[in-house]
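Please read the numbered points with the sequence and the model at hand.

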Amino acid sequence: MHSEFNIIKKYFTRPTPQADLGVGDDAALLKVADGHQLVVSTDMSVVDTHFFADAAPYDIGWKSLAVNISDIAAMGANPKWATLSIALPAIDETWLAEFSRGFFACADAFHIDLIGGDTTRGPLNISVTIMGEVPTGKAIKRSGAKVGDDIWVSGQLGSAALSLAHIEGKITLKNDALQANIHALYKPAPRVDLGLKLRDIATSCIDISDGLLADLGHILTASNCGATIDLEKIPCIDYLKNDLDNPQFQEFVLAGGDDYELCFTAPVSKRKEIELIGKHQHILLTCIAATHMDISLQVMYKDTALNLNSKGFDHFG
């Protein structure tokens, strides 16, 4: 007979070396290192909103944790602990085995302990709370950008949105193009090491989950400044770069979301340091614009201002 306690014991209970007490009690016990602050973030993944019901459960497990880790990375913090709450329509041993395998593969990659959570019956819904540490006063906030700062992004944007459009039948990719990009949608790689290096360099930071325009917009609003971006400077794969006249491709790059790269600001004087970080970590880091006093966000393409239909993903838009 299945019970929620058996499910937790079989699929989600492991040693928790970074916690004083983890799964199996009424609550977990954590000890934050001296001189550090606790950083906490929560994300929910809902079937048919964040993932398809027939998606590989391993990928769902990986991504449900990875997207939370990305939030911690954006704060310049070190992720350490997570809780997992999951609603299941029914007990599917095969699905649970693969989901937990993907979840723990991500946890192991970033040295994270699963320390608690909950299970219940209902439409498939996954909620993860991630916790980490950052030296007191060193967290990178959205509100620190200064007028004249460079605006940077890591990696390439638009690949996840491109792959999703293929899956939804909106475009058709050849198999080699799909295989080259599908990992961006299914297995994002949070930029934890980059975030740690940016602690004393970046003036603000955010992870790109809802699209560059939406997330950069949060930084600009919080920091009371603006920016004008040249679309052709935004890093993306050649498949998109070579056809940027296509409004659909413009939207993938600027507002597609699910990139889980970092967008950050830094003083011009830090350019060489940032370039060196990118070289050492083998990460593409691209300066795409600078902040200015005019409180607006505009995108230029071939000397013409773009008027996009979407500025990013909005659950209630």
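1. Thr129 is buried, since its relative accessible area is 19% and buried means under 20% (exposed is over 50%, partly exposed in between; 1.4 Å probe, protein chains only). This residue lies in strand S4, residues 125–135. Its side chain makes a polar contact of 2.8 Å with the side chain of Thr42. A polar contact is a pair of N or O atoms within 3.5 Å; within protein, one must be able to donate a hydrogen and the other to accept it, and residues adjacent in sequence count only if both atoms are side-chain atoms. Leaving aside residues up to four places away in sequence, Thr129 touches Val40, Ser41, Thr42, Asn68, Trp81, Ala82 and Thr83, where contact means heavy atoms within 4.5 Å.

2. On the basis of the note: this is a predicted model, in which local features need pLDDT of at least 70 and side-chain atom pairs count only at pLDDT 80 or more, while totals for chains, interfaces and linings use all residues. Residues are numbered from 1 along each chain as its sequence is written, and side-chain values use heavy atoms, with hydrogens and water left out.

3. The chain has 10 helices and 11 strands; these are DSSP runs numbered from the N terminus (helices H or I, at least four residues; strands E, at least two). Of the 317 residues in the chain, 50% are buried. Among contacts with a separation of 6 or more, 86% join residues 24 or more positions apart.

4. Which residues have the most contacts inside the largest nonpolar core? They are Leu212 and Ile234, in a core of 40 residues. Elements that each supply at least two residues of this core include strand S5 (150–154), helix H7 (212–223) and helix H9 (247–255). A second, separate core has 32 residues, among them Ile69, Ala82, Ile112 and Leu114. A nonpolar core is a set of buried Ala, Val, Leu, Ile, Met, Phe, Trp, Tyr and Cys residues joined through side-chain atoms within 4.5 Å.

5. Beyond residues up to four places away in sequence, Leu212 touches Val153, Leu157, Gly217, Ile234, Val253, Leu254, Cys263 and Ile288. Val253 and Leu254 are among the buried residues of H9. The cover over the buried residues of H9 includes H4, H7, helix H8 (238–241) and S10. At the start of H9, a side-chain oxygen of Asn246 comes to within 2.8 Å of the backbone nitrogen of Gln248. Just after this helix, Gly257 has a positive phi of about 80°.

6. The whole structure holds 6 aromatic pairs. Rings of Phe, Tyr and Trp (its six-membered ring) pair if their centres lie within 6.5 Å; planes under 30 degrees apart count as stacked, over 60 as edge-to-face and the rest as tilted. Trp152 and Phe264 are stacked, because their centres are 6.2 Å apart and their planes at 5°. This pair ties together parts 112 residues apart in sequence, because Trp152 lies in strand S5 and Phe264 in strand S8 (residues 262–266). Both Trp152 and Phe264 are buried.

7. Tyr239 and Phe249 form a tilted pair, with centres 5.8 Å apart and planes at 40°. Tyr239 is partly exposed at 38% relative accessibility, whereas Phe249 is buried at 6%. Elsewhere, ring pairs link Trp95, Phe99, Phe103 and Phe104 into a cluster.
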